Amino acid sequence: MTFDRRDILRATALGGTGWLAGCTAGPLAPKRAPLLAFPGELPRLGSTPASASDPLMDDIQRRTVSYFWNTTDQVTGLAPDRWPTPSFASIAAVGFALTTYPIAATRGWITRAAAAQRTLATLRFFANAPQGPDKEGMTGYKGFFYHFLGVTKGHRFARTELSTIDTALLLGGVLFAQSWFDDEADPAEREIRALADQLYRAVEWDWISPRKPFVSMGWHPESGFIGSDWNIYNESLILYVLALGSPTHALPPTTWDAWTAKFDPSWDEKYDNPFTAFPPLFGHQYSQVWIDFRGLMDTYSKRRGFDYFENSRRATYAQRRYAINNPAGWRGYGENVWGLTACDGPGDFVREINGRKREFFSYSARGPGDRDDGTIAATAALGSVAFAPEIVLPAARAMYSTYGTAIYDRYGFRDSFNPTLTLTDVKLQHGKVVPYIGWVADDFLGIDQGPIACMIENWRSGLIWKTMQKNPYIRAGLERAGFKGGWLTPA
């Protein structure tokens, strides 16, 4: 059932005074920096297919980019894990934030000088932040940073782990900034490049590999290394590229083939085009925000006959096929409404709906047949726009036109929604139940906003990919892993 957006607007109360009231700063917003304005009206959908200059995609990207500019602290550069709910900072969200500032400057939404100022403040904070083995008062250790940081001092939040993957995602933004801010005459841009070099060189990849050749998922000062490693196919492609490319603490080149030799159990032949599977789509997106894998072939890719970009394209199609088949009978799933990944959910409970017991989850990774509770996240589809625009663009238009302002607000699509959960007598952990729509998340999440903003730009212009091709550390990591072809081939 499709509702007119005006009917949905009358039926909802999301956003307090409403999204049309304008963009207001959250508790972490810069106190002096100007806000990045988003379009004042909803875009109108035409009958022609969407393109790189499509008004809806333009609107989505500008809103998601403005999320990072408006909610990130201008002094520290720390980006909130979520907004508007008050939260700690997420170092992975900082990596995405750093990547969006040049996008905003390129699009003319902010000046290059403003982008450089915010980037420089961020890199200075991390370069000067306290590092050490103590349980409290530290931001990181051995060049790595804690997953979540407090928003006042930027120190370790609670008992979170020193996170290898989140540090890698932070470094994705750091190295992108290093390569994009290339003005030799500008002192701020020279300092950005120097600080980026300092931060990357400080990371001791060889230390956090206690069960060689793999990298541990993290470390706690209370208990030491986490017992799990990055040893299956997932979002850690960029982690191993960075670990191999390090000029100071590199892992041996044999690490890559030893890691990819573990991928075979993930091979999925359920659909016409088999691929190496990872159920939530973020695992296929995060690394490829920064690295253009088109045409790049390693030992594993050669054996399978296609590159990691094609693998992500097939994973995107498989999610759409799963939604069309809809084996669990969730409401709303279909050809153009689909997308499972890690996202907010309504809560952890079981309820009977239309004579069928349904289990729901709060924040969780979701994928086809894996904790699928009917919760759809726009970032799952939109973060794959560079892989398969022919199916992602119709999905964006369908979600927008079907659910309108119930799920689309000041910073683009709210994190997630669940059309099946329409009960109003359940205790929710997140979000609210909207009449005629179902459950809708309250928040925007930085690690879900990031792939939307960044992959739209890679689809539109390839800006991030082209910039990262100039980074010597990315090239070194790929070459040490044994990649050949694609943009690594000499011109």
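## Close-up views of the predicted model

**View 1. The lining of the largest cavity, in which helix H10 takes the leading part.** With three residues, H10 gives the most to the lining of the largest cavity in this predicted model. Helix H10 (299-304) and helix H11 (308-325) each supply at least two residues of that lining, which is made up of Tyr233, Thr276, Tyr300, Ser301, Arg304, Phe306, Asp307, Tyr308 and Asn311. By residue class, the lining of the largest cavity divides into four nonpolar, three polar and two charged residues. The space in the largest cavity comes to about 50 Å³, and a search of the whole structure finds three cavities of 30 Å³ or more.

**View 2. The span annotated as a domain.** The UniProt record, an unreviewed entry, places the annotation "domain: Glycoamylase-like" on residues 229-472. In the model this span is 37% helix and 11% strand, and its end C-alpha atoms lie 27 Å apart.

**View 3. An open sheet of three strands.** The strands follow the order S15-S17-S16, with antiparallel pairing. Strand S15 (417-418) and strand S16 (432-434) each have a single partner strand and stand at the edges, so one side of each is left without a neighbour in the sheet. Between S16 and strand S17 (residues 438-440), which run antiparallel, there are three bridges; within this pairing, valine 434 has glycine 438 in S17 as its bridge partner.

**View 4. An open sheet of five strands.** Here the order is S3-S4-S6-S7-S8, again with antiparallel pairing. The edges are formed by strand S3 (140-141) and strand S8 (224-225), each of which pairs on one side only. Two bridges connect S4 with strand S6 (residues 162-163) in the antiparallel sense, and tyrosine 146 stands opposite leucine 162 in S6.

View 5. The chain averages a pLDDT of 92, and 91% of the residues score at least 70. Among the elements of the chain, strand S4 (residues 144-146) has the highest mean pLDDT, at 99, whereas helix H1 (residues 5-11) has the lowest, at 29. Over residues 1-31 the pLDDT is below 50, although this stretch has 74 contacts in the model beyond near neighbours in sequence. Where pLDDT is low, the predicted coordinates should not be read in detail.

Definitions and conventions: Residues are numbered from 1 along each chain as its sequence is written. This is a predicted model: local features need pLDDT of at least 70, side-chain atom pairs count only at pLDDT 80 or more; totals for chains, interfaces and linings use all residues. Side-chain values use heavy atoms; hydrogens and water are left out. On a 1 Å grid over the protein atoms alone, a cavity is a set of points where a 1.4 Å probe fits but cannot get out, and a pocket is an open set with protein on both sides within 12 Å along at least five of seven lines; lining residues have an atom within 4 Å of a point. Grid points are joined across faces, edges and corners, and a volume is the space filled by probe spheres set on the points. Helices (H or I, at least four residues) and strands (E, at least two) are DSSP runs, numbered from the N terminus. Ala, Val, Leu, Ile, Met, Phe, Trp, Tyr, Cys and Pro count as nonpolar, Asp, Glu, Lys and Arg as charged, and the others, Gly among them, as polar. pLDDT is the predictor's confidence in each residue, from 0 to 100. Contact means heavy atoms within 4.5 Å. Two strands pair if DSSP finds at least two bridges between them. UniProt positions are given in the numbering used here, feature names are shortened, and annotations may be inferred rather than shown by experiment.
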